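Have it open while you read, as the points refer to it throughout.

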Amino acid sequence: MKIGLIGGGAIGRYVAERLTAQGDGPHALLVRPGRLDEASGDGIDRFGSVADLPSDIDLMVDCAGHGALIEHGAAILERGIDLITVSLGALADPQLEAQLTHAAEAGGAQLHLASGAIGALDALQAARVGGLTDVTYTGRKPPNGWRGSPAEDHLDLDALNEAATHFEGTARQAATDYPKNANVAAAVALAGIGFDATQVRLIADPQVTANIHEVTAKGTFGQFTFHIEGTALPDNPRSSALAAMSVIAAIRRRRAAITT
């Protein structure tokens, strides 16, 4: 399987390093046209558009954020290339979701949603079959984890001495307002009862050092609470290490003879 990447940020670098260590590539990197001539030293061929990608690429992996999925997702799928993305929050836009669905159907390809920084999505998907009534996602991070987000408009992150909530609303609004922080909320919504029915609460807490995610769900199956404390990637406090690992896990599932 020949794999291409979109994105050279913290998650993209992690994925590239792991693939290279395993001898699996990546074989192509999709970059902005203005960055084609940048010296890289990593030996990965760079391309400025989906049309320029080699014809033997089997799988593209989007690690670049919502903008990259919006710009390149449909063209990749229309070419018949499967796509793994961590940019789940972008699907809060119903027009984009419809566009990607049509492109995948037209190209005979699939868009795979990496689970990101959260677990229990399989339980949510199963519970949805019988009927879910309530799903709530709570995201709690240290103040630095919210820098560059709308949290800065609601809180003085430097002066916090106790936990403070800076967002309460639907998963659709969270994913729209916090495109770099709320992909987990989107993952929960997509696995469960949707963007408009899933409730989200986002908290800045100076007393914690990890990124904490909690999902509570109720339905005909009963109820559950899932709690995970994850570390960020060393070079980006907004990027979850588990989110990067989930991309590698998704690639391995694509290759496995037996998969979960």
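1. Ground rules. This is a predicted model, so local features are held to pLDDT of at least 70 and side-chain atom pairs to pLDDT 80 or more, while totals for chains, interfaces and linings use all residues. Numbering runs from 1 along each chain as its sequence is written, and side-chain values use heavy atoms, with hydrogens and water left out.

2. Domains. The chain splits into domain 1 (3–116 + 243–254) and domain 2 (121–236); these bounds come from an automatic or database domain assignment. Between the C-alpha centres of domain 1 and domain 2 there are 24 Å.

3. The interface by area. Domain 1 and domain 2 bury about 1000 Å² between them, with 66% of that on carbon and sulfur atoms (accessible area lost on putting the two parts together, 1.4 Å probe, summed over both). On the domain 1 side, H66, L88 and A92 lose the most area to domain 2, together 41% of what that side buries.

4. The interface by contacts. Counting contacts (heavy atoms within 4.5 Å), 16 residues of domain 1 meet 13 residues of domain 2. There are six residue pairs in polar contact between domain 1 and domain 2, both residues at pLDDT 80 or more (N or O atoms within 3.5 Å; within protein, one able to donate a hydrogen and the other to accept it, and residues adjacent in sequence counting only if both atoms are side-chain atoms). Salt bridges across this interface come to zero (a Lys or Arg side-chain nitrogen within 4 Å of an Asp or Glu carboxyl oxygen).

5. Who supplies the domain 1 side? Helix α1 (residues 10–21) gives the largest share of the side that touches domain 2, four residues (helices are DSSP runs of H or I, at least four residues, and strands are E runs of at least two, numbered from the N terminus). By type, that side has 10 nonpolar, four polar and two charged residues (Ala, Val, Leu, Ile, Met, Phe, Trp, Tyr, Cys and Pro are nonpolar, Asp, Glu, Lys and Arg charged, and the others, Gly among them, polar).

6. S87. Look in the loop between β5 (82–85) and α3 (94–107) for S87. S87 counts as buried because its relative accessible area is 1% (buried is under 20%, exposed over 50%, partly exposed in between; 1.4 Å probe, protein chains only). The side chains of S87 and D62 make a polar contact of 2.9 Å. Beyond its neighbours within four places in sequence, S87 is in contact with D62, G65, H66, L69 and N183.

7. A120. Please check the backbone here: A120 has a positive phi, near 70 degrees, in a residue other than glycine. A120 sits in the loop between β6 (111–113) and α4 (121–130) and is buried at 16% relative accessibility.
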